[in-house]
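Please open the model in a viewer and keep the sequence panel at hand. The stops below are meant to be selected in order.

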Amino acid sequence: MPLNRRKFLKKSAVTGAGVALAGAAAAPAAQAAEKKKPGKQPKRYSLTVLGTTDLHGHVFNWDYFKDAEYADAKGNAMGLARVSTLVNQIRQEKGRRNTLLLDAGDTIQGTPLTYYFAKVDPITAKGGPVHPMAQAMNAIGYDAAALGNHEFNYGIETLRKFEDQCRFPLLGANALDAKTLKPAFPPYFIKKFQVPGAPPVKVAVLGLTNPGIAIWDKAYVQGKLTFPGLEEQAAKWVPKLRSMGADVVVVSAHSGSSGTSSYGDQLPYVENSAALVAQQVPGIDAILVGHAHVEIPELKVTNTATGKTVVLSEPLCYAERLSVFDFELVFEKGRWTVESVAASLRDAKTVADDPKITRLLKDEHALVVEYVNQVVGTATATLTTVDARYKDAPIIDLITKVQEDVVKAALAGTSYASLPVIAQASPFSRTSEIPAGEVTIRDLSGLYVYDNTLVAKLLTGAQVRAYLEYSAEYFVQTAADAVVDTEKLTNANGRPDYNYDYVSGFSYDIDIAQAAGSRIKNLTYNGAALDDTQQFVLAVNNYRANGGGAFPHVASATEVWAESTEIRTRIAEWVTAKGVLDPADFASVDWKLTRNGTPLF
């Protein structure tokens, strides 16, 4: 499909690229304005903006990987069906005509539900289904959503089809056509709220997505789309929105507030820049924050140019929370002015599912439950990730073995066929388990929760050593005589579990008593000390291959092969072909933690 601004821009009622909706029905006078005392009280208006983010395909409070109601240690509940109930409550409290409902991205990837309608029964097929997330969000009545980076995981065709199916715009002011450098999606959305006895309140929503898409989904977007920084594009668009008469400017940003980037210096743009946008760009009243999967009820940031406060809120993820921005406006000197903004969160666990959403998507839910419970093999022993962060676990060896086999088969008959194939994998989840006995797609999907695909890259022995040293920075430096608490052993400097890699094919120790950069000891290949000049083919997921996690050398290494089939699908195929999942076929203890040479476990 062409990468142009398409249907929403054609509907635009204003000059420039965006979406304008005029004439939301008149608000009740009691909601809109206080009674005016002669010559004194100005008109006032209360507006409520609601926001979700990082829904990742969670319609119901259901864990497809465990085939059970979702439960976590904190008692959270999730799903758009719960959010729908919260939204209905607030619309009743505030008056539906005084509310706006937004999302900050990462909608169509993350659960077997989203995978099913992208790959098994794809929405892109002729006469294909309507995506469950489009159905739910349309039914709830979203006004606009920003694009998240995971919107691009299934390719542009799937995203465009999802866009067609949504009755609200997908916004991305910094998602540009690579050739024209014009917005490939609507940059903004404008809605007017009618106020009896006063001009309407004009609310503009600017959508910003994550520059990291250029790295993480390079295979889909390279040469087609480009993603400049959020600060730069906000500085371009916010003044335009103000000049078009916007009384309120809200940014929906798929970007965290920490000011950090996971991809190091590979891009000149900040990954988590929502607070920087608030600080640097005048004219913004509030920002709905996404991407980071953290809970921020209210964060106040002072704009350096104006001294005004910008209010940020991030409603966790998976529809576990709903951000609520309450705006108070006053009409003075011929214009509406934002007098105050306050943000808070509502919790999905405090309400029940909206039966309307349950009825709407019960068939799609049942289809996916049936799909993930298909038996594909038998396991001779229980495999688990419980201690996979700090002990070499057979369940992660399964991933590396599958990746090695797929790449070896793909390179057969090529000039690379003689090179040894090694593989990386990460302990994504701390609770994955493949039980002894029947093995289902659900069990295997729970092991590999991301929709990553496989890439083969050329690395030297010296580069592998550097890669392992970087990976070992995941561990907290621990003195030889210190008491070991496994809960405090990992995630040094906030590094997530998915940015710690096993690498198969080698034997090595990780000495956590040593400083970062000097931890890899006794590194051998085939029983001999590693030759720094030897070449290897690394079977690596596309996130890592494109620079995710900022591991050294891999992003710039020569790519010899890549595919678009998900690694989790390859694991299911491997197990199906074997019939029996026996650790003897893939498990080996390749690495261990030590302190000054003494094994930790």
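Predicted model: local features only at pLDDT ≥ 70, side-chain atom pairs only at ≥ 80, totals over all residues.

Residues are numbered from 1 along each chain as its sequence is written, and side-chain values use heavy atoms, with hydrogens and water left out.

**The second largest pocket**

Select R242, I284, D285, K308 and V338, which are the closest to the centre of the second largest pocket among its 20 lining residues. The space in this pocket is about 430 Å³. (A pocket is an open set of points on a 1 Å grid over the protein atoms alone, where a 1.4 Å probe fits, with protein on both sides within 12 Å along at least five of seven lines; lining residues have an atom within 4 Å of a point. The volume is the space filled by probe spheres set on the points, which are joined across faces, edges and corners.)

Strand β17 gives the largest share, seven residues. (Strands are DSSP runs of E, at least two residues, and helices are runs of H or I, at least four, numbered from the N terminus.)

**Q165**

Move to helix α6 (residues 156-165), where Q165 is found. Q165 counts as buried at 13% relative accessibility (buried is under 20% relative accessible area, exposed over 50%, partly exposed in between, with a 1.4 Å probe and protein chains only). Its side chain reaches the backbone nitrogen of H131 at 2.8 Å.

**Salt bridges**

The structure holds 23 salt bridges (a side-chain nitrogen of Lys or Arg within 4 Å of a carboxyl oxygen of Asp or Glu). Select R44 and E339, whose side chains meet in one at 2.5 Å, N to O. R44 lies in strand β2 (residues 43-52) and E339 in strand β17, so the pair ties together parts 295 residues apart in sequence.

Then display D326 and K94, a salt bridge with its closest N and O atoms 3.4 Å apart. D326 belongs to strand β16 (residues 321-332) and K94 to helix α3 (residues 80-94), so parts 232 residues apart in sequence are tied together.

Finish at K349 and D347, whose side chains meet in a salt bridge at 2.7 Å, N to O. K349 is partly exposed at 40% relative accessibility, whereas D347 is buried at 16%.

Methods:
Polar contact = N/O pair within 3.5 Å; in protein donor to acceptor, adjacent residues only side chain to side chain.
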